[in-house]
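This report examines the strands, helices and aromatic contacts of the structure shown below.

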Amino acid sequence: TPVTLADGSTFPYGFGWHVQKDKYVGHLIWHGGGNPGFLSAMFDWLDDRITVIVLLTGGSTFLPNGQESSADIALGVSRRYIPRLVLKPIADTEPAMTKKMRAVFESLLTGTLNHSLISTNFNRKRLSDTEQWAIQLSDLGALKSFVPDWKYATNNVRDFGYRAVFRKEAVNFGVSLQRDDKISRLSLEIE
């Protein structure tokens, strides 16, 4: 149950658990956290009667495979069992941008990312982690398709999400661009 605040409003957080309920997610309670050398997450999908628990040792706050937390891994596992969680492609209203982001993605796969595309605001530790993606994704084979599945824009940043499909796996690839079109964030999640 969401917590009731002093002003009478509610907030979707109760006794340390995040509480969500909407048509996309359904009814979900979850919690993630960790200490140095340990990360954890628990997602309990109540409507689906599925619980996913992720426990990691030796982790960092940014995992080398592009996942940003144990919660990202738990969501990725959840998508394998709950089809509505897999994002659907959207109309490609910016084909030139999709082509550019596919080239960025492919350069990450080959370890040849052009650093002139990267914003000075990009976290350098995270940037060095992205260089490991080529090693971790090398066994996926040839890229079969690369389609947009979400986008969002504010005054300062444009966020794009793509689904890259390989022979045996699909990968969710996220990119944030600043006003000058420099990359300020990259994310990767194997479905």
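## Basis of the description

A residue is called buried when its relative accessible area is under 20%, exposed when that value is over 50%, and partly exposed in between. The model described here is predicted.

Phe43 has a relative accessible area of 6%, and therefore counts as buried.

## Aromatic pairs

Eight aromatic pairs are found in a search of the whole structure. One of these joins Trp30 and Phe43 in a tilted arrangement, with 5.4 Å between the ring centres and 40 degrees between the planes. This pair links distant parts of the chain, since Trp30 lies in strand β5 and Phe43 in strand β6, 13 residues apart.

Another pair, formed by Phe160 and Tyr162, is stacked: the centres are 6.4 Å apart and the planes make 20 degrees. Phe160 and Tyr162 are both buried. These two residues also belong to a cluster linked by ring pairs, together with Phe105, Phe146, Phe166 and Phe173.

## The four-stranded sheet

Four strands form an open sheet in the order β8-β9-β10-β11, with antiparallel pairing. Strands β8 and β11 are the edges, each pairing on one side only. On average, neighbouring strands of this sheet are turned by 15 degrees against each other, direction ignored.

Nine bridges connect strand β9 (residues 157-165) with β10 in the antiparallel sense. Tyr162 has Phe173 in β10 as its bridge partner. Two helices pack on the sheet. Helix α1 touches β10 and β11, and its direction makes about 45 degrees with that of β11. Helix α2 (residues 95-110) touches β8, β9, β10 and β11, and its direction makes about 115 degrees with that of β10.

## Helix α1

Helix α1 comprises twelve residues (residues 70-81), which at 1.5 Å a residue should span 16 Å; the C-alpha atoms at its ends are 17 Å apart, in agreement with that expectation.

The buried residues of α1 are Ser70, Ala71, Ala74, Gly76, Ser78 and Arg79. Their cover includes β5 (26-35), β6 (38-45), β7 (50-57), β10 (170-178) and β11 (183-190).

## Ser145 in strand β8

Ser145 is located in strand β8 (residues 145-153). Its relative accessibility is 26%, so Ser145 counts as partly exposed. Leaving aside residues up to four places away in sequence, Ser145 touches Arg102, Arg163, Ala164 and Val165. Ser145 and Tyr162 are 17 residues apart in sequence, and their C-alpha atoms are 9.9 Å apart in space.

Key. Residues are numbered from 1 along each chain as its sequence is written. This is a predicted model: local features need pLDDT of at least 70, side-chain atom pairs count only at pLDDT 80 or more; totals for chains, interfaces and linings use all residues. Side-chain values use heavy atoms; hydrogens and water are left out. The expected span of a helix is 1.5 Å times one less than its number of residues. Buried means under 20% relative accessible area, exposed over 50%, partly exposed in between (1.4 Å probe, protein chains only). Contact means heavy atoms within 4.5 Å. Rings of Phe, Tyr and Trp (its six-membered ring) pair if their centres lie within 6.5 Å; planes under 30 degrees apart count as stacked, over 60 as edge-to-face and the rest as tilted. Two strands pair if DSSP finds at least two bridges between them. Axes are lines fitted to C-alpha atoms, for helices over the stretch in contact, and angles run from 0 to 180 degrees between N-to-C directions.
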